[in-house]
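Biologist: Could you walk me through this model step by step? I would like to look at it while we talk.
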Amino acid sequence: MTTTPRTRARSFDAAASLYAAHRPGYPDALFDALEELAGRPLEGARVADAGAGTGIASGLLGARGADVVAVEPGDGMAAEFRRAHPGIPLVRGDGNRLPLVGAAFDLVTYAQAWHWTDPALSVPEARRVLRPGGALALWWNDMDYTVPWVARQDERIAAFLGAAPGSEPRRLPDLPFSTREIRWSRRVPLDSHLANHASHSAFLMLGEARTREFTDAERARLESLFPDGAVEEPYVVQLSVAVL
Ligand SMILES: C[S@@+](CC[C@H](N)C(=O)[O-])C[C@H]1O[C@@H](n2cnc3c(N)ncnc32)[C@H](O)[C@@H]1O
């Protein structure tokens, strides 16, 4: 597969069920912080969840009482979303041209999806669909690289992919953002931890055979670190909210 930003942005489509099964959710504390920074409760809020994927964030926003409309460009991700969340409306489209009416939403959310948009287009689109005083919320959930075993694993991933370790640099648009960092963790079987890694776009672009090379080697290493076969994955969510 040729690597272009678009093919990488759409790489999730072929792996939507892997993504849905193994990617982490988001902690309650994230939604508490979102309410605080947006200055309103999620209960009853009209939310456009852009880059909704398989619906991990949309489902949790809905569970907090938000009235969610999801927006997703990818065929595979949208199909998985509709299977998992038949009660949440999903419209096909992307953040650069939201298929939504103007001045209708209290919140526009991008859960790990903003970096796939062109801010020159997606900022004016968020402004257009938000009602006055509505908020744009962006977040990313990364493994916590301050934890030694995670840092060492990340170095192995970076070496295997020929990339720089750590999360990719994320530039926020020039808006009045307030930010929070939320640490949390989840405990999953080792195979699920490895499948979670395999569902990231860098591995999806590499293809199954090369990805298996990495996960097989990694399984052997982690078996001695987690002899009971359960991995405690530590995470940090970086949340940025701008009231516009
Ligand atoms: C890492 S996934 C995040 C999915 C979901 N928000 C979650 O929290 O699991 C990124 C999603 O962004 C979507 N995407 C790619 N390009 C996009 C764009 N230009 N605008 C909006 N979403 C995009 C992908 O199809 C994918 O579903």
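Biologist: How many helices and strands does the chain have?
Modeller: In this model, which is predicted, the chain is built with 10 helices and seven strands.
Biologist: And what box do the C-alpha atoms fill?
Modeller: Taken along the principal axes, the box filled by the C-alpha atoms of the chain is roughly 55 × 35 × 35 Å. The radius of gyration of the chain is 18 Å, which agrees with the value near 18 Å that a compact globule of 244 residues would have.
Biologist: Let's turn to the ligand. Which residues around the ligand come nearest?
Modeller: There are 19 residues around the ligand, and the ones that come nearest are Y19, Y26, G51, E72 and A111. Sorted by class, this shell consists of 11 nonpolar, six polar and two charged residues.
Biologist: What do Y26 and E72 do at the level of atoms?
Modeller: In the case of Y26, a polar side-chain atom lies 2.5 Å from an oxygen atom of the ligand, while for E72 an N or O atom in the side chain is 2.6 Å from an oxygen atom of the ligand.
Biologist: Which residue has a backbone N or O atom 3.3 Å from a nitrogen atom of the ligand?
Modeller: That is W116, whose backbone N or O atom lies 3.3 Å from the ligand nitrogen. The ligand has 600 Å² of accessible area on its own, and the protein covers 97% of that area.
Biologist: New topic: what volume does the second largest pocket have?
Modeller: The volume of the second largest pocket is about 230 Å³. Its lining includes L18, F203, E208 and R212, and the elements that give two or more residues to this lining are α8 (190-198), α9 (201-206) and α10 (208-225).
Biologist: Which element gives the largest share of that lining?
Modeller: The largest share comes from α10, with four residues. By class, the lining of the second largest pocket has five nonpolar, three polar and two charged residues.

Definitions and conventions:
Residues are numbered from 1 along each chain as its sequence is written. This is a predicted model: local features need pLDDT of at least 70, side-chain atom pairs count only at pLDDT 80 or more; totals for chains, interfaces and linings use all residues. Side-chain values use heavy atoms; hydrogens and water are left out. A residue is near a molecule or strand if one of its heavy atoms lies within 4 Å of it. A polar contact is a pair of N or O atoms within 3.5 Å; within protein, one must be able to donate a hydrogen and the other to accept it, and residues adjacent in sequence count only if both atoms are side-chain atoms. Accessible areas come from the Shrake-Rupley method with a 1.4 Å probe; for residues, only the protein chains shown count as cover. Ala, Val, Leu, Ile, Met, Phe, Trp, Tyr, Cys and Pro count as nonpolar, Asp, Glu, Lys and Arg as charged, and the others, Gly among them, as polar. On a 1 Å grid over the protein atoms alone, a cavity is a set of points where a 1.4 Å probe fits but cannot get out, and a pocket is an open set with protein on both sides within 12 Å along at least five of seven lines; lining residues have an atom within 4 Å of a point. Grid points are joined across faces, edges and corners, and a volume is the space filled by probe spheres set on the points. The radius of gyration is taken over C-alpha atoms; the globule rule is 2.2 Å times the number of residues to the power 0.38.
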